[in-house]
Amino acid sequence: MKFHTRKWVKPEDLNPNGSLFGGKLLAWIDEEAALYTCIQFNNQKVVTKFMTEIDFMSSAKQGDIVEIGMEVTKFGRTSICLRCKVRNKMTHETIITIENITLVNLDEDGKPSPHGKTQVEYVADRLKNL
């Protein structure tokens, strides 16, 4: 799994217990999944359709740096399925795992649209074709 994004846990990210608010972490994950998918599909119009069970394994506190990892588990006709893991950058302790996040590629009218992808494409591979 590749970890693409890092976030610094700041005071505004905390819950009343002084740990990272789960809703904030889920927003970061949803944004990262959407960005990852936009890059894969070369299309900014994608939506999150589904998330499986979310497993909170540990917490993060103010000052921690967390990193968000994504990997593709499946390409559908109009969708992509991702696995996510968030960990503490310094300790590598897992904070959360999500086995399946499904995002859908959309056309200009907001309807599901085939994306034509069957494997992960890296930016370096795209640059070779220019």
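# A walk through the predicted chain

Cys84 touches Met1, Ile29, Ile68, Gly69, Met70, Ile96, Thr97, Ile98 and Ile101, leaving aside residues up to four places away in sequence; contact here means heavy atoms within 4.5 Å. This is a predicted model, in which local features need pLDDT of at least 70 and side-chain atom pairs count only at pLDDT 80 or more, while totals for chains, interfaces and linings use all residues. Residues are numbered from 1 along each chain as its sequence is written, and side-chain values use heavy atoms, with hydrogens and water left out.

The largest nonpolar core has 24 residues, and Leu25, Ile29, Met70, Cys84, Val86 and Ile101 touch the most other members. The elements giving two or more residues to this core are α1, β4, β5 and β6. Its largest share, seven residues, comes from α1. A nonpolar core is a set of buried Ala, Val, Leu, Ile, Met, Phe, Trp, Tyr and Cys residues joined through side-chain atoms within 4.5 Å. Buried means under 20% relative accessible area, exposed means over 50%, and partly exposed lies in between, with a 1.4 Å probe and protein chains only. In soluble globular proteins, nonpolar side chains tend to be buried together.

The protein chain holds two helices and six strands, which follow the order β-α-β-β-β-β-β-α from the N terminus. These are DSSP runs numbered from the N terminus, with at least four residues of H or I for a helix and at least two of E for a strand.

How are the strands joined? Strand β4 (residues 65-75) is linked to strand β1 (residues 2-8) by six bridges, and the two run antiparallel. Within this pair, Lys2 stands opposite Met70 in β4. Nine bridges join β4 to strand β5 (residues 79-88), again in an antiparallel arrangement. Here Gly69 stands opposite Lys85 in β5. Three residues separate β4 from β5, and the two strands form a hairpin. Two strands count as paired if DSSP finds at least two bridges between them.

Strand β6 (residues 94-105) contains Asn105. Asn105 is buried, with a relative accessible area of 5%. Leaving aside residues up to four places away in sequence, Asn105 touches Phe41, Asn43, Lys45, Val46, Thr78, Lys111, Pro112, Ser113, Pro114 and His115.

Two loop residues have backbone angles worth a look. Most residues other than glycine have a negative phi. Asn42, in the loop between α1 (22-41) and β2 (46-51), has a positive phi near 55 degrees. Asn42 is exposed, with a relative accessible area of 64%. His92 lies in the loop between β5 and β6, and its phi, also positive, is near 65 degrees. His92 is partly exposed, at a relative accessible area of 44%.

For the chain as a whole, the C-alpha atoms fill a box of roughly 45 × 30 × 25 Å along the principal axes. Of the 130 residues, 39% count as buried. Among contacts between residues at least 6 apart in sequence, 67% join residues at least 24 apart. The chain has 18 positive and 17 negative side chains, and the centres of the two sets lie 4 Å apart. Lys and Arg count as positive and Asp and Glu as negative, without His or the chain ends; each charge is placed at NZ of Lys, CZ of Arg, CG of Asp or CD of Glu.
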